[in-house]
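Visitor: I would like to learn how to read a helix and its surroundings. Please start with the terms.

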Amino acid sequence: MDVLLVLAVLVAVVLLIAAPLRAGRGAEEEVEPAARRADLEAAKEAKYREIRDAELDHQMGKMSRDDWRSVDRDLRGEAIEILRELDRLEGRAPEGGMDR
């Protein structure tokens with residue numbers, strides 16, 4: 001009998017603690033479009049800065065040409081994805097993105 005009572009109390013405590021976490025999950029997933037756009041704009045500017053920094057590192061001899069090309073290609077690919085997401089958010093591109 002005592003085991004059932006302890007188990008019932010434990011279940012009740014877990015449900016009480018988990019309720020706000022379950023309720024908050026949907027709110028986090030549904031980000032306001034204006035906030036999402038602001039996040040993407042900030043990410044775009046940061047990615048452009050990374051591209052410029054890598055180019056400067058290459059020009060100053062801190063990075064070989066091959067390394068710079070690899071890094072530059074990756075960074076530009078990431079920037080393109082951010083720009084595509086911005087376009088989708090603003091209704092300027094189809095949901096699936098552009099075919100390569």
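Guide: Helices (H or I, at least four residues) are DSSP runs, numbered from the N terminus. The expected span of a helix is 1.5 Å times one less than its number of residues. This is a predicted model, in which local features need pLDDT of at least 70, side-chain atom pairs count only at pLDDT 80 or more, and totals for chains, interfaces and linings use all residues. Residues are numbered from 1 along each chain as its sequence is written, and side-chain values use heavy atoms, with hydrogens and water left out.

Visitor: What span should helix H3 have?

Guide: Helix H3 covers residues 65-89, which is 25 residues, so at 1.5 Å a residue the span should be 36 Å. The end C-alpha atoms of H3 are 36 Å apart, which agrees. After H3 comes Gly91, with a positive phi near 75°.

Visitor: Which residues of H3 are buried?

Guide: Buried means under 20% relative accessible area, exposed over 50%, and partly exposed in between (1.4 Å probe, protein chains only). In H3 the buried residues include Trp68, Asp72, Leu75 and Ala79.

Visitor: What do the buried residues of H3 pack against?

Guide: Contact means heavy atoms within 4.5 Å. The buried residues of H3 pack against helix H2 (33-59). Ala79, for one, touches Lys47, Tyr48 and Ile51, leaving aside residues up to four places away in sequence.

Visitor: Is Leu15 buried, partly exposed or exposed?

Guide: Leu15 lies in helix H1 (residues 2-29). Its relative accessibility is 48%, so Leu15 counts as partly exposed.

Note on methods:
Helix = DSSP H or I, 4+ residues; strand = E, 2+ residues; numbered from the N terminus.
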